[in-house]
Amino acid sequence: MPAGSNLIVVDRIATHIVPLRGQRVILDRDLAALYDVTTSAFNRAVKRNIDRFPDDFMFQLTDQEQSDLAGAFSHLRKLKFSRTPPYAFTEHGAIMAASVLNSTRAVGVRVLVVRACVKLRELLFTPMELSRKFNELESRLANHDVAIQQLLHAIRQLMDEPPAAPKSRIGFRA
């Protein structure tokens, strides 16, 4: 597979990774499609090797999470019609799933899943750096805001008409 097509596949995998319970996960149906097996066959293989999937590798969605994901992500619209809640696999669980399938395609996809997770991890650091720069800019602007307010106050004072001098009365003074 050429390097350019690997990037396309990694980008496609990255679109299937969704945030849930503070983690980035990929659902069983998406993993099954990547590994080119049916979702039921995929889940059977996982259940046969359930000891390889602790809670931090895989968990089943609640009904509320299922409906929330169906509404939030267009590729998961059919999820709201599913009778059984799907399983969500973390990065480690997705890699472990490839080891229980024992196919050539599963090994190849495992590499791509790892690359997609690494790419998302790199993108995660970019917003943190951007946030730091925004905070720095905000602090600089806060200092400028005070100076600008003082300048505007001085200009307003100059724009105000000076108080009129008391008019002297016409006529003789005693």
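The model is predicted: local features need pLDDT of at least 70, side-chain atom pairs count only at pLDDT 80 or more, and totals for chains, interfaces and linings use all residues. Residues are numbered from 1 along each chain as its sequence is written, and side-chain values use heavy atoms, leaving out hydrogens and water.

The chain holds 6 helices and 4 strands, where helices (H or I, at least four residues) and strands (E, at least two) are DSSP runs numbered from the N terminus. Along the sequence they follow the pattern α-β-β-α-α-β-α-β-α-α. Of the 174 residues, 30% count as buried, a term for under 20% relative accessible area, with exposed meaning over 50% and partly exposed in between (1.4 Å probe, protein chains only).

The 4 strands form an open sheet in the order E1-E2-E4-E3, with antiparallel pairing; two strands pair if DSSP finds at least two bridges between them. At its edges lie strand E1 (18-20) and strand E3 (58-60), each pairing on one side only. Strand E2 (residues 23-27) is joined to strand E4 (residues 87-89) by 2 bridges, and Leu27 stands opposite Ala88 in E4.

Elsewhere, helix H6 (residues 104-159) contains Leu152, which is partly exposed, with a relative accessible area of 40%.
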